[in-house]
Amino acid sequence: MNIEFYSHGACQEVTGSKHFLDVDGHTLQIDSGMFQGHRQEAYEKNRDLPFNPADVDSIILTHGHFDHSGALPIMVKNGFKGPIFSTSATRDITNIILFDSAYIQLKDYEYLKEKARKYPERDLIAYEPLYDSQDAVNTMQHFAGHGYHRTFEAIPGVQAAFYDAGHILGAATVHLEIDNGMCIGFSGDLGRPDLPIIRDPEILPPIDYLVLEGTYGNRLHESMGMARESLEKVIRRASERRGKVIIPAFTIERTQELIYFIHQLTRERRIRAIPVFIDSPMAVNATSIFKIHPECFDRETVDYFLSKNIDPFGFETIRYVTSVRESREINDLEGPAVIISASGMAENGRILHHLKNHIGNPRNIVAIVGFMAENTLGRKLVEKHPSVKIFGKEYPVKAEVVTLNAFSAHADYQEIQGWLGRHDLDRLKKIFLVHGEPDALDSLRHKLLDQGIPDVEIVQAGIRYPLPAPLP
Ligand SMILES: [Zn+2]
């Protein structure tokens, strides 16, 4: 059999995941993510695919994050006809991600077109949307759901099964078994032990090759237990001085983790029962997806909540806010409260209104619970700028800004090595590293070689790596 592995995305970078396995002329793609970053460069990389989507026989989607799923409609629009295999929770998360993306692309296009019309001298480019809502609808029709550990034929001669990745709801690592006996693992995005709600990363059956992510190949996180503890301290401090806690958070997973912890802390009377607002229509939708996928929950969630018939995401003082009117009313509210809102990097969305209204009051706390990219408002807050620009106006930062570093959905290098170490590695010939900046991958490569992995290669985009068959 002729077997080759190659990638066209997330090679020495962290976005645009697109990996491929060719087996005797059939092509299986793993993930189809959007490139993000510098606008024009990312746009062109997303538009000009270096392969023909019509040549891909089927796609396996490891999880719903935009940098893994966002380019699926581009595939379908350009001739991809096959099935998209995922867990059912991943399908539901991808559903909201794709429609949100189609809408944002349209809004961006209209905004830039209008701006270009107003200021012709500025040479502005309005980027046409890469897909619309109808393309998202068409894409959703390709999905075929499979539960964890259920084997299915991904392409002729290749059996696949999903295992828990412990990253976000529905996220999976993938085990492939080829007819010649060769087994290949794909880590997808590898999560961490002890994340709330979802199960820990699972061990794969024996593998000959592993495609492994290395986002934090050179970093260590604090434990998730620390995350809950520091959240507790922040809420208590704000409560005592009758201030509000404002948290910009990603709508999928991070928001639900915060709700879960606050629910626990309130039940255990470690914090006072104060109003908690989830002010983001997308976060409200995402939370309803969590509610209908208990098959992804870990033992702790079942024991703590479900076995007592308690909804982990519903309690007396929590309010899910969708309307703009309600969102505005939160601003007039006196007394302590927690406001969790999007966007996660505080770049746009309702969080800007809350920051504008609360950042000038020293009683309030802005809690940063996620990665903030360079040049975002979130990053400026982390870096403790004395004032920040919101809606074009400068506001002094008088509220306390706290960064809670323990929140992360990606394994750090010790957690990657720990996960790997629990595997039966007798057969493992080689690890291919993807999904990381060059420094992170280089550092992880050395650590893995020290750990005794015989061969570790940092994947380069477009290079075809033949995978020799195992000896009989
Ligand atoms: Zn991810």
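This is a predicted model: local features need pLDDT of at least 70, side-chain atom pairs count only at pLDDT 80 or more; totals for chains, interfaces and linings use all residues.
**View 1. The largest nonpolar core, seen around Ala 367.** The largest nonpolar core has 128 residues, and of these Ile 247 and Ala 367 touch the most other members. At least three residues of this core come from each of domain 1 (3–219 + 409–466) and domain 2 (224–403). When residues up to four places away in sequence are not counted, Ala 367 touches Val 234, Val 245, Ile 247, Val 402 and Leu 404, so that Ile 247 can be found here as one of the neighbours of Ala 367.

**View 2. Helix H8 and what covers its buried residues.** Helix H8 runs over residues 281–291, and its buried residues are Pro 281, Ala 283, Ala 286, Thr 287 and Phe 290. Among the elements that cover these buried residues of H8 are helix H4 (88–118), helix H7 (254–267) and strand S13 (276–279).

**View 3. The packing of helix H7 against helix H8.** Two packed helices are described by the angle between their axes and by the distance between the axes. H7 and H8 pack at an angle of about 70°, with their axes 9 Å apart, and the two helices are therefore roughly perpendicular to each other. In this contact, Thr 255, Gln 256 and Ile 259 of H7 meet Ala 283, Ala 286, Thr 287 and Phe 290 of H8. By class, the contact of H7 with H8 has four nonpolar and three polar residues, and no charged residues.

**View 4. Thr 15 in the loop between strands S1 and S2.** Thr 15 lies in the loop that runs between strand S1 (3–7) and strand S2 (19–23). Is Thr 15 buried or exposed? Thr 15 is buried, because 20 other C-beta atoms lie within 10 Å, and a residue counts as buried if 20 or more do so. Not counting residues up to four places away in sequence, Thr 15 touches Ala 10, Gly 33, Met 34, Phe 35, Gln 36, Gly 37 and Asp 67. For one of these residues, Met 34, the separation from Thr 15 is 19 residues in sequence and 6.5 Å in space, C-alpha to C-alpha.

Note on methods:
Residues are numbered from 1 along each chain as its sequence is written. A residue is buried if 20 or more other C-beta atoms lie within 10 Å of its own, exposed if 12 or fewer, and partly exposed in between; C-beta atoms are placed from the backbone. Helices (H or I, at least four residues) and strands (E, at least two) are DSSP runs, numbered from the N terminus. Two residues are in contact if their C-beta atoms, placed from the backbone, lie within 7 Å. A nonpolar core is a set of buried Ala, Val, Leu, Ile, Met, Phe, Trp, Tyr and Cys residues joined through C-beta atoms within 7 Å. Domain bounds come from an automatic or database domain assignment. Axes are lines fitted to C-alpha atoms, for helices over the stretch in contact, and angles run from 0 to 180 degrees between N-to-C directions. Angles under 35 degrees count as roughly parallel, over 145 as roughly antiparallel, 65 to 115 as roughly perpendicular and the rest as oblique. Ala, Val, Leu, Ile, Met, Phe, Trp, Tyr, Cys and Pro count as nonpolar, Asp, Glu, Lys and Arg as charged, and the others, Gly among them, as polar.
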